[in-house]
Each structure stands twice: as structure tokens, then as C-alpha cells.
Amino acid sequence: MRAYSDQIKIVFDCNREGIPGTLNVCLNHIREKTGALPLDDALMAKIKWVLMELLTNAVKHSGERQSVLRIGFSEEALSLEKEDYGKPLVLVGQDKKKIVWPLEEVVKPVDFPIYHNGMDSLCVRTDEAGRATFFIEELAEMEMPALLSDTSEHFGLLIMTKASDEFAYEHDPDTGLNRFTSTFYLITH
Amino acid sequence: MILKVEEINRVVQATILPEEASLTNADAFKEEMISIIGRGVRLVIVSFENVNYIDSSFLGSLVVALKYAMPRNVDIYLVSLKPDVKNLLTLIRMDRVFRIFNNYDEAMGTLS
């Protein structure tokens, strides 16, 4: 895990009315931290999309009264984390099988395709520790995007995966902690 | 009310009123769209002129509305999208399933 020398913690009461206010607190913090060297508008838009989806996810899926957001800066990256002790992530794979954390049997990196819209396939790869990294595989373009044939539940994950440079989920079975992490690289090579 | 609605000759201009199209109003938007589509119109032009931000919940409602409209031969066009909103639609390829125009006049021009 990358070390962030500068990190703040924001407690979010998981209600939909609180989303705009919390979003603004987060964005204002990022603007303050980057004051002398502001992030470009395109990157700020992506950060806003991810923050909004993390907060929406907390309201819709955690089942908890509170979630914690952490915004971290290092020289190379900005990270957005959302933590709660609510229900672990459940994904429905393209084969309709449910993928539930904690994963019962993970012996090596395993890929699950979970959604495709005809052009992008949203996949998740798990490692030995059960950490799930989301990624996109671009498909050969089809004439009619299959966007309409799937549920909208995957839009949030798709947005966070495509907007972030890295997007991952971890679940600690001992403590029950769930953590989504979105990482944006601040230095391009 | 999420939408300000004007109807002329079975063409509905539906302007989203809130600045944030999000979880807060996604269900209401979906219900209002289904009500409009169900009354026998041929085209719904949804204007995002007031919308500064859209999230996955609202996008989901937009897709539900389109799924409801298609078998009823009702088209849904989107107009006046601000750059952030249009970029998000493009990110998840929704620009491929909705017809998007700069404004009402341009959308109406396709009818002639």
C-alpha cells in the first residue's frame, strides 16, 4: 500500500441529503491542498465523479449509519478511500453467479467479468488476500451497445473504474472493514 | 416536480430543474418520465440546461426510461448537456444509445 504523508478523515452520515455537503467539503479540501498547483479541470471532474459515487455507494449499499472518507496526498498520487463496517461487496458475474466477500476460496489471482456494455467489459481481479482490483477490457465494438440489456447497478463501479487510475476493494474478515480505494496519479510519465 | 414540461403535437420538451441530477431525485425523475411516455407522445426531449452534475443513479433512471420508451416507439433525445455531464455520459458509452443535441432547436430540426 502506498504511504500518504498527508491524509484527512471525513465522517459521512449515510443519508442522501448529506451527499452534496460532504462532496463540497472534500472538493474544497483538495482545492486547498493543491492551491499553488491546482489540478486541471478534467482531473477535478473525475475526482468529483468518484467522490459522488463513493458517497452514493455508502447510502445505497453499506447499510451502515456512517462511513469514513479519507483523502490522501503523496508526491505522486491522490487517494480517495471509503471505509465502513457494513455489508461486504456482492457482485453478480456475467455468468449470473454471485461473488461475495469474504471470498471462500482464492488460491491465485482470479478474474471475473461482471458487466459489459458492448464496448467495455468491467472486470475484477482478486489476489491471494482477496483484494479486488477493478479494470476495463475494451471489446471489439458492436453495432448496438448492450448498455440497455444490463442493470444500472454497475454504472457506479464502471464510472469509478474508468475515472480512476486504480480502483480497488478490500474486505477484512476479522474486523468486517470494507474499503474502496480510488487512486489518481498526479505525475504522468 | 423534477421536470418542467411543455408538449406540442406529441413532442414533449422536459427540462430538468435541479442543478444536481442524483440519487436525491433519480426516482422522481424516473416516475415523471414514465408518466410522460405512457400518455402516448412520440418524442421526449430532455434538457440538461440546469444540470451541473449527474450520477450513476440518475443515469440508471434515464436508462429505465429509455427501456420503457423503446417498445412504445417513443424516442428520447438529450439536449443542452454541460461538458462535465456530457463527458460522464461518454465515459460509460451512453452517448451511443441516446441521441444528443446542442439544444432544443437542433433536436426539433430532426423532425422536419
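Colleague: What share of the 189 residues in chain A is buried, and what makes a residue buried?

Modeller: In this predicted model, buried residues make up 32% of the 189 residues in chain A, where a residue is buried if 20 or more other C-beta atoms, placed from the backbone, lie within 10 Å of its own. Local features need pLDDT of at least 70 and side-chain atom pairs count only at pLDDT 80 or more, while totals for chains, interfaces and linings use all residues. Residues are numbered from 1 along each chain as its sequence is written, and chains are lettered from A in the order in which they are written.

Colleague: Why are α1(B) and α2(B) called roughly parallel?

Modeller: Helix α1 (residues 26–38) of chain B and helix α2 (residues 56–69) of chain B pack at an angle of about 15 degrees, with their axes 9 Å apart. Angles under 35 degrees count as roughly parallel, and α1(B) and α2(B) are therefore roughly parallel to each other.

Colleague: Which residues of α1(B) meet α2(B), and what makes two residues a contact?

Modeller: Two residues are in contact if their C-beta atoms, placed from the backbone, lie within 7 Å; from α1(B) come B:A26, B:F29, B:K30, B:M33, B:I34 and B:I37, which meet residues of α2(B) including B:F58, B:V64 and B:Y68. The residues of this contact divide into 10 nonpolar, three polar and one charged.

Colleague: How many residues does each chain bring to the contact of chain B with chain A?

Modeller: Chain B brings 22 residues and chain A brings 23 residues, and on the side of chain B that touches chain A, α2(B) gives the most, with seven residues.

Definitions and conventions. Axes are lines fitted to C-alpha atoms, for helices over the stretch in contact, and angles run from 0 to 180 degrees between N-to-C directions. Helices (H or I, at least four residues) and strands (E, at least two) are DSSP runs, numbered from the N terminus. Angles under 35 degrees count as roughly parallel, over 145 as roughly antiparallel, 65 to 115 as roughly perpendicular and the rest as oblique. Ala, Val, Leu, Ile, Met, Phe, Trp, Tyr, Cys and Pro count as nonpolar, Asp, Glu, Lys and Arg as charged, and the others, Gly among them, as polar. A residue is buried if 20 or more other C-beta atoms lie within 10 Å of its own, exposed if 12 or fewer, and partly exposed in between; C-beta atoms are placed from the backbone.
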